[in-house]
Amino acid sequence: MNPKDLKSAQTYSYKVLDQPPILIQYWYEQLNYWSFTTVDEPRKIILLHSQHIKYNLQEI
């Protein structure tokens, strides 16, 4: 996925290696990374770089 295609408050699936995917919502863009929050409780902030977004993120 291209980082320019991210939509605020949109839910995405993020998968890394052999771990189960997690649901995250796009929050906003920073200088060198993009901020997301987890959908489940308790909410956590996740910061992703463009390479993570390109290869590990899928729109739901």
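This passage walks through the strands of the structure and then its salt bridges. The model is a predicted one, and residues are counted from 1 along the chain.

The sheet comes first. It is an open sheet built from 5 strands, laid out in the order S4-S3-S2-S1-S5, with antiparallel pairing. At its edges sit S4 (45-48) and S5, each of which pairs on one side only. Going from one strand to the next, the twist averages 40°. As a general point, the strands of a sheet pair through backbone hydrogen bonds, and the pairing can be parallel or antiparallel.

Strand S1 (residues 11-14) is a handy place to start. On one hand, S1 is joined to S2 (residues 22-29) by 4 bridges, and these two strands run antiparallel. Here Tyr-12 is found opposite Ile-24 of S2. On the other hand, S1 pairs with S5 (residues 57-59), again in the antiparallel sense, over 3 bridges. In that pairing, Tyr-14 has Leu-57 of S5 as its bridge partner.

Strand S2 also pairs with S3 (residues 34-38), through 5 bridges and in the antiparallel sense. The link between S2 and S3 is a hairpin of 4 residues.

Next come the charged side chains. In general, side chains of opposite charge can pair when their charged atoms come close. Searching the whole structure turns up 2 salt bridges. One of them brings together the side chains of Glu-59 and Lys-7, at 3.7 Å from N to O. Because Glu-59 belongs to strand S5 and Lys-7 to the segment before S1, this pair ties together parts that lie 52 residues apart in sequence. Glu-59 has a relative accessibility of 39%, so it counts as partly exposed. Lys-7 also falls in the partly exposed class, with 45%.

The other salt bridge links Arg-43 with Glu-41, and the closest N and O atoms of this pair are 3.9 Å apart. Arg-43 has a relative accessible area of 46% and is partly exposed. Glu-41, by contrast, is exposed at 63%, because the exposed class takes in residues over 50%.

Definitions and conventions. Predicted model: local features only at pLDDT ≥ 70, side-chain atom pairs only at ≥ 80, totals over all residues. Heavy atoms only, no water. Pairing = 2+ DSSP bridges. Axes fitted to C-alpha atoms, helices over the stretch in contact; angles between N-to-C directions. Salt bridge = Lys/Arg side-chain N within 4 Å of Asp/Glu carboxyl O. Buried < 20%, exposed > 50% of the residue type's maximum accessible area, 1.4 Å probe, protein only.
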